[in-house]
Amino acid sequence: MSTYTLPIAGLLPFPTLFHAISMALSSFVIYWISWIVYSLCSHPLHSIPGPLWAKLSRTRHLYQIYRGDFEKTQIVLHRKHGRLVRIAPDEITCSDPEMTSEIYAARDPWSKSKFNEMFNVPLSKYPANFPNTDELLHTSHRKIVNAPYNMSSVLTGQRYVDTCMQTFLDRMDRYAQDCEVVDLGEWLQFFTFDVVGELFFSSPFGFMDEGRDCGDWIASIDLLMGIFFIGGAAPWYMKPFVVPSAMVASKKTRRAMKGFTAEKEGLAVNKDMLEKFFAIKEEKGEQVDFLVPEIEGECFSAIFARSDSTAIALRAILYYTMKDSSVYSKLIAEIDQATASGIFSDPVQFAEAIQLPYLDSCAKEAMRLFPSVAFAMPRVVPRGGALVSGSFISGGYVVGMNAAVVHLDKDVFGEDADIFRPERWLEEEDAGRMMRYMLHFGQGKRSCTGKNTCCFLGFPTHAGNPDGTKNYSSSQNANPEV
Ligand code: HEM
């Protein structure tokens, strides 16, 4: 029998090649038809509502993350579909505030999903606290580093914050005197990075001195963050394309970390955070296996994700308070009154700033409306399954709750939950109840280790110096989203 050969295909005789292609195509079509029927009709999550594309493929979830408006889509989806929404074939999000205490429990919380593993930069043989999906390992590791993060320890860094605060206020003064327009969002990010540099390494990054992202730290971290989120959410077959770019992008940060730690080794005088970590290493490092690589991991996570979350929170607080003139006037009146009563030092200290109830309410309200982490924090349903907002979900599937969605719940935060109204936090009986459902720092056992650090450096910023606020006028463009 004669055969034809395709010059480009070269190796296979035509009928064989034709058969191979049609076999591949028909297998593909059969696979997809079976998958569509299974996913929509008999998959354990088939009864959970959601967009059709999300029920069939993770690529929709990935696309939303890539666009960067994940939380906006999620708010719309929950308004349309209710408490539970299927956002990927094996993943749902839940907007029921009552589920926060079970999913993110203080004891035996649901474990973190594989999404989080992407955030691990292999500096140490153990995963850092944030990406650790092994609850037992996490419990023992978090205990080791808890002490430097507790409030009394963090407060010993007040003078580091004071130095940066003074630089920040000097720069703002100069802009005010020259009547120059300033991008406050950018400056708040410079401020946060410099404070984290001071607190952790007694050495600011120099952003405020130079007035720019010197060394491209912010740009590298932005890039890395995008890669981590996309890599974490990507289906398994796409991960090999993302993981190598994360390794390359994180190289610079890892190198810098090694530089910092090399300088500090043997210098455990317990001043900045890095020295506090070295003090732990000296005291019991061998015993609990907390050595230089583990210290590098700890510092990496502080710089990498945390300076950014703190900057976002500061931007949100200033944006919302400056945008609403009645809120702004009330806040200034409160600061003026505190100044007149002589409770403020120069610069204002954390312990003084937290005495201002309206300032406190503005901070909570901004973090409610614009949480820095506006992403559903994914957790794995325990073996045996669980009732999630009235629906049974089998073990092994992923459920997440997004602060940006839960914080708009009208049953908890009131009919006007969509608007910025700090006064709601001063209405005594509601405040405690609302706080129970706030997810801005996560909740329970895996909640934010750095929340004291972040509150500490955020509060005096808003109080400024005793007479600083009167020098500046605001435009309404300091949008935290930009
Ligand atoms: C406004 C500033 C900050 C915000 C809004 C924030 C938010 C969060 C959230 C929502 C989580 C929980 C994530 C989850 O459950 O999946 C978290 C965890 C974490 N945060 Fe923060 N964070 C901030 C600042 C910081 C700072 C300054 C540090 C370190 C110095 C830090 C260190 C951590 C760590 C280590 C975890 C993981 C805790 C664990 O799993 O045990 N954060 N943060």
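Two strands are said to pair if DSSP finds at least two bridges between them. Strands here (E, at least two residues) and helices (H or I, at least four) are DSSP runs, numbered from the N terminus. The structure is a predicted model, in which local features need pLDDT of at least 70, side-chain atom pairs count only at pLDDT 80 or more, and totals for chains, interfaces and linings use all residues. Residues are numbered from 1 along each chain as its sequence is written.

Strand S1 (residues 84-88) pairs with strand S2 in the antiparallel sense, over four bridges, and Val 85 stands opposite Thr 93 in S2.

Stepping back, the protein has 21 helices and six strands. Buried residues account for 40% of its 482 residues. Contacts (C-beta atoms, placed from the backbone, within 7 Å) can be sorted by distance along the chain: among those between residues at least 6 apart in sequence, 69% join residues at least 24 apart.

Next come the nonpolar cores, each a set of buried Ala, Val, Leu, Ile, Met, Phe, Trp, Tyr and Cys residues joined through C-beta atoms within 7 Å. The largest has 69 residues, of which Phe 200, Ala 316, Ile 317 and Ala 366 touch the most other members. Elements giving two or more residues to this core include helix H8 (158-177), helix H9 (184-201) and helix H14 (292-323). H14 gives the most, with 15 residues. Leaving aside neighbours within four places in sequence, Phe 200 is in contact with Asp 272, Met 273, Leu 274, Cys 299 and Ala 302. A second, separate core of 34 residues includes Ile 87, Met 377, Val 398 and Ala 404.

H14 turns up again around the ligand, where its six residues are the largest share of the shell. Helix H21 (451-463) also supplies at least two residues there. The shell holds 22 residues (C-beta atom, placed from the backbone, within 6 Å of the molecule), and Arg 306, Ser 309, Gly 442, Cys 448 and Gly 450 come nearest. By class, eight are nonpolar, eleven polar and three charged, where Ala, Val, Leu, Ile, Met, Phe, Trp, Tyr, Cys and Pro count as nonpolar, Asp, Glu, Lys and Arg as charged, and the others, Gly among them, as polar.

Finally, a loop. Thr 133 lies between helix H5 (100-103) and helix H6 (135-149), and is partly exposed because 17 other C-beta atoms lie within 10 Å. Ser 111 is 22 residues away from Thr 133 along the chain, yet their C-alpha atoms are separated by 6.0 Å.

How values were computed. A residue is buried if 20 or more other C-beta atoms lie within 10 Å of its own, exposed if 12 or fewer, and partly exposed in between; C-beta atoms are placed from the backbone. Two residues are in contact if their C-beta atoms, placed from the backbone, lie within 7 Å.
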